[in-house]
Amino acid sequence: MADDPADLPYRPCVGIMLINRDWRIFVGQRIDQTVEAWQMPQGGIDPGEEPVTAAFREMEEEIGTAKAEVIAESQDWIPYDLPPHLVGRVWRGRYRGQSQKWFAMRFLGEDRDIDLQTDHPEFREWRWTPLSELAEMAIDFKRETYARVVAEFAPLFPAEAR
């Protein structure tokens, strides 16, 4: 690990804002967290993998389904830094945080298609949440990222669902 975490690179990653037909967003509660925090599906991009391909793969790996279509992609990559106590513990100390490409996706399946008992479960429970509550539900070091994602994708939502 570098002496200064600021010298470390960001891990390339995708995030998925999965939106159901009621304009609510999928969030899961991570298995490895003890705090009351929820997150949208996300994960690293494999070498040579296109971000959109990674998004569908991560969704399948984390929630057991990829029944969705892309309706928007974030204009920029959105980085976040890990808090100091996690740098060196997460991803074998190789990264200072993640730089994320976000996709807004319309969920085309039914709730029964969502299955958290995947080969490598990451969530212990899930629910649909309104856009207005999303950023506040995230763990503190991801709130700014979630606020940026909400701001960018909010125009996709009808006014009554924002």
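This is a predicted model: local features need pLDDT of at least 70, side-chain atom pairs count only at pLDDT 80 or more; totals for chains, interfaces and linings use all residues.
Student: Why is Ser74 called buried?

Tutor: The word applies to a relative accessible area under 20%, and Ser74 has 3%, so Ser74 is buried. Ser74 sits in the loop between β4 (68–73) and β5 (78–81), where, leaving aside neighbours within four places in sequence, Ser74 is in contact with Lys101, Trp102, Glu152 and Phe153.

Student: What makes Asp32 and Arg30 a salt bridge?

Tutor: A side-chain nitrogen of Lys or Arg must come within 4 Å of a carboxyl oxygen of Asp or Glu, and the closest N and O atoms of Asp32 and Arg30 are 2.9 Å apart, so the pair meets that cut-off. Asp32 counts as exposed, because its relative accessibility is 51% and the word requires over 50%.

Student: How do you know that Glu69 and Arg106 tie together separate parts of the sequence?

Tutor: Their closest N and O atoms are 3.1 Å apart, and they form a salt bridge. Glu69 lies in strand β4 and Arg106 in strand β6 (residues 97–107), so the pair joins parts that are 37 residues apart in sequence.

Student: Why is Glu69 called partly exposed?

Tutor: Glu69 has 34% relative accessibility, which falls between the 20% and 50% limits, so the label is partly exposed.

How values were computed: Residues are numbered from 1 along each chain as its sequence is written. Side-chain values use heavy atoms; hydrogens and water are left out. Helices (H or I, at least four residues) and strands (E, at least two) are DSSP runs, numbered from the N terminus. Buried means under 20% relative accessible area, exposed over 50%, partly exposed in between (1.4 Å probe, protein chains only). Contact means heavy atoms within 4.5 Å.
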